[in-house]
Amino acid sequence: MPSFDVVSEADMIEVRNAVDQANKEISTRFDFKGSDARIEQKEFELTIFADDDFKVNQVKDVLINKLAKRNVDLRFLEYGKQEKISGDKLKQFATIRKGVTGDLAKRIVKQIKDSKLKVQASIQGDTVRVSGAKRDTLQEVIALLKKEVSDAPLSFNNFRD
């Protein structure tokens, strides 16, 4: 029985490359001369360091540009509050979302069932497995989800015949 998985995962290699490129650009830019502006990455968490609020936003802009050039969807990033560290320096956390959350998974299953297509959808951890008798109906489900779910970056993998 043909099936596929609906997942929400960023390409972490591309994220790492974008962070490295952003740090390289920040170190060579004139407006960051003499400042402690940088981005650090630990697994699925980015930490942005800068001297003031304006520079934090500039570092985020550089990061966003590098992620966009590497085809990493910006909806994966979820920014936290800015925190003051020693003196007048600031840091801001950004987490990289991984997996389909419970609410989103329930919404995806509901939209699939409301579409009256002859497929079954089931939540399996942080993925949603969709299976059906015909390959064409599965492709219709993919088109439906691409159109209907716009607030989260979805990808479709593990397509089996």
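Visitor: Let's zoom in on F4 and then work outward: is F4 buried or exposed?

Guide: F4 is buried, with a relative accessible area of 1%. Here buried means under 20% relative accessible area, exposed means over 50%, and partly exposed is in between, using a 1.4 Å probe and protein chains only. Before we go on, keep in mind that this is a predicted model, where local features need pLDDT of at least 70, side-chain atom pairs count only at pLDDT 80 or more, and totals for chains, interfaces and linings use all residues. Residues are numbered from 1 along each chain as its sequence is written, and side-chain values use heavy atoms, with hydrogens and water left out.

Strands (E, at least two residues) and helices (H or I, at least four) are DSSP runs, numbered from the N terminus. F156 counts as partly exposed, at 23% relative accessibility.

F4 also pairs with F159, and this pair is stacked, with 6.1 Å from centre to centre and 10 degrees between the planes. Again distant parts of the chain are linked: F4 is in strand 1 and F159 in strand 8, 155 residues apart. F159 is partly exposed, with a relative accessible area of 33%. Put together, F4, F156 and F159 form one aromatic cluster.

Now let's step out from strand 1 to a helix. Strand 1 is part of what covers the buried residues of helix 3, along with elements including strand 6 (119–124), strand 7 (127–132) and helix 4 (135–148). Helix 3 runs over residues 102–114, so to speak a stretch of 13 residues, and reaches 18 Å from its first C-alpha to its last, close to the 18 Å expected at 1.5 Å a residue. That expected span is 1.5 Å times one less than the number of residues. Buried in helix 3 are L104, A105, I108, V109, Q111 and I112. Seen down the axis of helix 3, these buried residues fall within an arc of 160 degrees, so they line one face of the helix. The arc is that of the directions from the helix axis to the C-beta atoms. An α-helix has 3.6 residues a turn, so residues three or four places apart point the same way. On the other side of helix 3, D103, K106, K110 and K113 are exposed. Just after helix 3, K116 takes a positive phi of about 65 degrees.

V15, A18, V19, A22 and I26 are the buried residues of helix 1. They fall within an arc of 100 degrees when seen down the axis of helix 1, so they line one face of the helix. On the other side of helix 1, I13, K24, S27 and T28 are exposed. The cover over the buried residues of helix 1 includes strand 2 (38–42) and strand 3 (45–50).

One last stop is strand 2, where Q41 lies. Q41 is buried, with a relative accessible area of 13%. Leaving aside neighbours within four places in sequence, Q41 is in contact (heavy atoms within 4.5 Å) with residues including V15 and V19. R38 is also found in strand 2, and R38 is partly exposed, with a relative accessible area of 26%. The charged end of R38 sits over the ring of F49, 4.1 Å from its centre. For that label, NZ of Lys or CZ of Arg must be within 6 Å of the ring centre and within 35 degrees of the ring normal.

Terms used:
Rings of Phe, Tyr and Trp (its six-membered ring) pair if their centres lie within 6.5 Å; planes under 30 degrees apart count as stacked, over 60 as edge-to-face and the rest as tilted.
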